[in-house]
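Visitor: Could you walk me through this structure, one question at a time?
Guide: Gladly, let's look at it together.

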Amino acid sequence: MVGAVETAMAKRALVIGSGPNGLAAAIVLAQAGLAVEVRERAASVGGGARSAELTLPGFQHDVCSAIHPLALGSPFFRTLPLEKHGLEWVQPPEPLAHPFDDGSAWLLRQSLDAMVGALGEDGRAWAQLLRPYVERFSDIAEDLLAPPRLPRHALLMARFGAAGLRSAESLARARFRQAKTRALFAGIAAHSMVPLDFAATSSFAMVLAVAGHAVGWPLPRGGSQKISDALASYLRSLGGVVHTAAPVESADEFAAFDLVLCDVTPRQLLRLAGTKLPPLYRDALARFRYGPGAYKLDWALAGPIPWTAEECRRAGTVHLGGMLEEIAVSERAPWEGKHAERPFVLVAQPTLFDASRAPAGQHIAWAYCHVPNGSEEAMTERIEAQIEGFAPGFGKLILARHVMGPRELEAMNPNLVGGDINGGAANLGQLFFRPTPRLYATPLKNVFLCSASTPPGGGVHGMCGYWAAKAALANLR
């Protein structure tokens with residue numbers, strides 16, 4: 001009887017969107033005792049962490065994200081019993097391979113000591129740059145995956161900032177003597193989707209490299225959908241309700257709830273709330289800059305990718321782009337509205353390590369490159385040419401392909417504005433105070449943003465939702 005009274009009196013919360021951030025926010029609110037309802041416009045939960053048979057029956061592809069160092073390393077996700085809700089991590093032998101035109105490939109090794117030995121004359125510099133954060137990964141993740149605030153580990157963060165605020169180009173040239181070490185670092189930094197001579201691009205390379213050494217670059221057995229399904233299952237175990245194929249069309253629907261958290265980008269909030277928002281805030285949201293888009297391909301393959309460099313068969317992720325100078329040219333092009341002739345290509349090959357995702361003896365592969373936001377130019381031939389250059393015979397293995405350019409990505413998930421998979425450009429001006437200095441709060445009473453357009457930004461880690469929910473609860477109390 002007491003439980004029934006408590007349920008009736010519980011404050012009601014609406015979470016719009018069931019991506020990892022929306023589900024994380026919903027879990028925090030449910031843990032605090034609120035009655036939580038999640039509304040998702042798509043037919044399945046997940047946002048950017050979903051899987052589907054995109055090519056042929058029996059081939060399970062990741063619709064957006066595929067490799068998840070920040071999910072396994074997330075300070076919030078690590079507190080949740082997601083393994084009891086069906087999530088199982090698969091660790092490739094090594095996180096990353098970066099092949100070169102001479103037929104060799106360098107690996108980002110999970111063991112930092114092995115990495116130091118493999119890098120030869122750059123081994124000591126690599127260790128000096130990254131070891132302090134590998135050894136204290138939980139501490140650095142707690143501060144880095146947080147909104148602007150006084151860090152809990154101030155000296156560690158100060159040391160990180162001294163290097164991380166530099167551009168990836170300048171830091172790579174200053175720290176490493178070998179061109180291949182610089183290329184490996186540059187490829188990791190290119191996940192930022194901004195030019196490599198921009199300030200703070202080193203921070204992306206450092207975070208992902210540190211995560212590689214500390215927790216690996218794993219993939220979920222069965223596909224990225226398993227992350228979202230586990231989060232949704234845990235939320236339901238707390239009493240939360242999830243509705244799919246149930247879009248929220250207007251801010252008029254907010255009135256029935258005590259709290260509303262929106263896992264949407266500024267553009268979607270403007271569409272939802274319109275003139276309910278004050279003009280200055282509307283203008284600030286309208287000025288929010290979206291970054292380059294992604295052009296993504298998925299393949300059903302008759303066999304594994306036939307890499308020339310054997311090292312590539314040991315890694316779940318492969319970066320194709322040559323040396324630092326070539327990667328830098330490729331990554332500047334989309335920022336300037338251009339398309340690289342030899343694009344930097346990110347490849348994931350899950351079925352080398354998770355055979356459950358394709359029929360016996362067959363494989364899937366996933367790849368994308370960066371293009372101007374909203375681009376309609378076809379990049380299929382250029383992406384496949386890059387792979388063919390490092391894996392002759394790749395084209396002959398293709399049984400079917402699925403193409404998603406920026407327009408298709410946005411149609412699939414409106415948060416991917418113009419194909420931007422990071423929730424907004426990660427240039428220095430938007431790295432910390434995004435989308436406005438209000439961060440999660442909006443001028444509407446008890447309405448908050450919790451998407452990747454808020455700190456700490458893009459990635460499947462749930463921390464935007466976690467911090468937004470904490471801010472919302474503090475405001476409610």
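Visitor: Which residue of strand 16 does Cys-262 stand opposite?
Guide: In this predicted model, strand 10 and strand 16 (residues 447-449) pair in the parallel sense over three bridges. Follow strand 16 across from Cys-262, and the residue standing opposite is Leu-449.

Visitor: And on strand 1, which residue stands opposite Cys-262?
Guide: Strand 1 (residues 12-16) also pairs with strand 10 in the parallel sense, over four bridges. Val-15 has Leu-261 as its bridge partner there. For Cys-262, the residue opposite is Ile-16.

Visitor: What is the strand order of the open sheet of five strands?
Guide: The pairing in this sheet is parallel. Its edge strands, each pairing on one side only, are strand 9 (241-243) and strand 16. Neighbouring strands are turned by 20 degrees against each other on average, direction ignored. The order reads 9-2-1-10-16.

Visitor: At about what angle to strand 10 does helix 18 run?
Guide: Helix 18 covers residues 463-476 and lies across both strand 10 and strand 16. Its angle to strand 10 is about 160 degrees.

Visitor: Which residues of strand 10 are buried on the side away from Leu-259 and Leu-261?
Guide: In a regular strand, side chains alternate between the two faces of the sheet. Strand 10 (residues 259-262) is covered on both faces, with Leu-259 and Leu-261 buried on one side.

Visitor: Why does Val-260 count as buried?
Guide: Val-260 sits in strand 10. Leaving aside neighbours within four places in sequence, Val-260 is in contact with Leu-14, Ile-16, Phe-254, Asn-446, Val-447 and Phe-448. Buried means under 20% relative accessible area. Val-260 therefore qualifies, as its relative accessible area is 1%.

Visitor: What separates the C-alpha atoms of Val-260 and Ala-469?
Guide: Along the chain, these two residues are 209 residues apart.

Visitor: Is Arg-41 buried, exposed or partly exposed, and why?
Guide: Arg-41 lies in the loop between strand 2 (35-39) and strand 3 (51-52). Not counting residues up to four places away in sequence, Arg-41 touches Ala-245, Ala-246, Pro-247, Ala-411, Met-412 and Pro-414. Buried means under 20% and exposed means over 50%, with partly exposed in between. Because its relative accessibility is 44%, Arg-41 counts as partly exposed.

Visitor: Which residues touch the most other members of the largest nonpolar core?
Guide: That core has 60 residues. Phe-185, one of the residues you are asking about, touches Trp-126, Leu-129, Ala-168, Leu-171, Ala-172, Phe-176, Ser-202, Ala-205 and Met-206, not counting residues up to four places away in sequence. Apart from this core lies another, of 43 residues, including Ala-13 and Val-460. The residues with the most such contacts are Leu-108, Trp-126, Leu-129, Leu-130, Phe-185, Ile-188 and Met-206.

Visitor: Which helix gives the most residues to the lining of the largest cavity?
Guide: The largest cavity has a volume of about 90 Å³. Its lining includes Leu-70, Tyr-133, Phe-160 and Val-210. Two elements give two or more residues to this lining, helix 6 (137-144) and helix 10 (201-214). The one that gives the most, with four residues, is helix 6.

How values were computed:
Residues are numbered from 1 along each chain as its sequence is written. This is a predicted model: local features need pLDDT of at least 70, side-chain atom pairs count only at pLDDT 80 or more; totals for chains, interfaces and linings use all residues. Side-chain values use heavy atoms; hydrogens and water are left out. A nonpolar core is a set of buried Ala, Val, Leu, Ile, Met, Phe, Trp, Tyr and Cys residues joined through side-chain atoms within 4.5 Å. Buried means under 20% relative accessible area, exposed over 50%, partly exposed in between (1.4 Å probe, protein chains only). Contact means heavy atoms within 4.5 Å. Two strands pair if DSSP finds at least two bridges between them. Axes are lines fitted to C-alpha atoms, for helices over the stretch in contact, and angles run from 0 to 180 degrees between N-to-C directions. On a 1 Å grid over the protein atoms alone, a cavity is a set of points where a 1.4 Å probe fits but cannot get out, and a pocket is an open set with protein on both sides within 12 Å along at least five of seven lines; lining residues have an atom within 4 Å of a point. Grid points are joined across faces, edges and corners, and a volume is the space filled by probe spheres set on the points.
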